[in-house]
Amino acid sequence: MLLKEYRICMPLTVDEYKIGQLYMISKHSHEQSDRGEGVEVVQNEPFEDPHHGNGQFTEKRVYLNSKLPSWARAVVPKIFYVTEKAWNYYPYTITEYTCSFLPKFSIHIETKYEDNKGSNDSIFDNEAKDLEREVCFIDIACDEIPERYYKESEDPKHFKSEKTGRGQLREGWRDSHQPIMCSYKLVTVKFEVWGLQTRVEQFVHKVVRDILLIGHRQAFAWVDEWYDMTMDEVREFERATQEATNKKIGVFPPAISISSVPLLPSSVRSAPSSAPSTPLSTDAPEFLSVPKDRPRKKSAPETLTLPDPEKKATLNLPGMHSSDKPCQPKSE
């Protein structure tokens, strides 16, 4: 198990980012999806938790085989997806990732949002007070991102918001910028496979860090697109975008509700409270299952007739003469 705490500051308030993160996640998922790969939304429903109150539960499948490194593609099947389950009680969220192919793999993320510059060292005392972890600050303006993901229009050093006047962030901006907020993310990666555990857990944390950096840069760079939205409007944008994304990767749109609280199974309504769990299911995707009513092919006759040992059969094979004797088993 490898545990790290990420702190990502944003030139926003916590209330503003509540809209911004929903907009960013939906738009980013749509942009990164293509036929056969991307983010399939399985479920997106409001619900009520007895401890945390009202929230939103989402379940997604992330198909990403082509995005894996070569050493990982060599050991996973061609159809490969990660299941994401998220419980959003903003400003506190829980997200879990499990794998369709590797039941001993999981990522557990707890997130808290506060209006400060990442200075709260005790924010996760209830969750991980006695657990050793590395604290990593992510700077959306100055940290480098993979070149293939770079867009000048999404670079906070160049972007300036027309609606808020914020932007063109410079080194050290976190020390003086107002407003400012911080996303605190406690990320646990587990891959309990001997010989691969350290390598995989380190690789996953690198991927997580890149995703957090890119996503938060986009949330700010797209601020003029979502800044005037209400919660109802961003939920409607989320619904429409998710349906378009599902069609883009070739699946049917999910049933998405944004107005009522359904009676969900307890395993769905109750969010996990501590360490990552094992996957609830490791079944293959439905389209890989063999239809139950498919007729079986007959590769042999219904009955098998054995030769009569009392009768001697003569085999006339090429190269065999009547004086040739068949091989006899060795005497023990």
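Residues are numbered from 1 along each chain as its sequence is written, and side-chain values use heavy atoms, with hydrogens and water left out. In this predicted model, local features need pLDDT of at least 70 and side-chain atom pairs count only at pLDDT 80 or more, while totals for chains, interfaces and linings use all residues.

Student: How many residues of strand 6 are buried?

Tutor: Strands are DSSP runs of E with at least two residues, and helices are runs of H or I with at least four, numbered from the N terminus. Buried means under 20% relative accessible area, exposed over 50%, and partly exposed in between, with a 1.4 Å probe and protein chains only. Strand 6 covers residues 105-114 and is mostly covered, the buried count being nine of ten.

Student: Which residue of strand 6 stands opposite Thr98?

Tutor: Two strands pair if DSSP finds at least two bridges between them. Strand 5 (residues 92-99) pairs with strand 6 in the antiparallel sense over seven bridges, and the two form a hairpin with five residues between them. Opposite Thr98 stands Ser106.

Student: Over how many bridges does strand 6 pair with strand 8?

Tutor: Strand 8 spans residues 181-191.

Student: What is the volume of the largest cavity?

Tutor: A cavity is a set of points on a 1 Å grid over the protein atoms alone where a 1.4 Å probe fits but cannot get out, and lining residues have an atom within 4 Å of a point. Points are joined across faces, edges and corners, and a volume is the space filled by probe spheres set on them. There are two cavities of 30 Å³ or more. The volume of the largest is about 50 Å³.

Student: Which residues line the second largest cavity?

Tutor: This cavity has a volume of about 30 Å³. Its lining residues are Ile145, Tyr149, Lys151, Glu154, Ile214 and Arg217.

Terms used. On a 1 Å grid over the protein atoms alone, a cavity is a set of points where a 1.4 Å probe fits but cannot get out, and a pocket is an open set with protein on both sides within 12 Å along at least five of seven lines; lining residues have an atom within 4 Å of a point.
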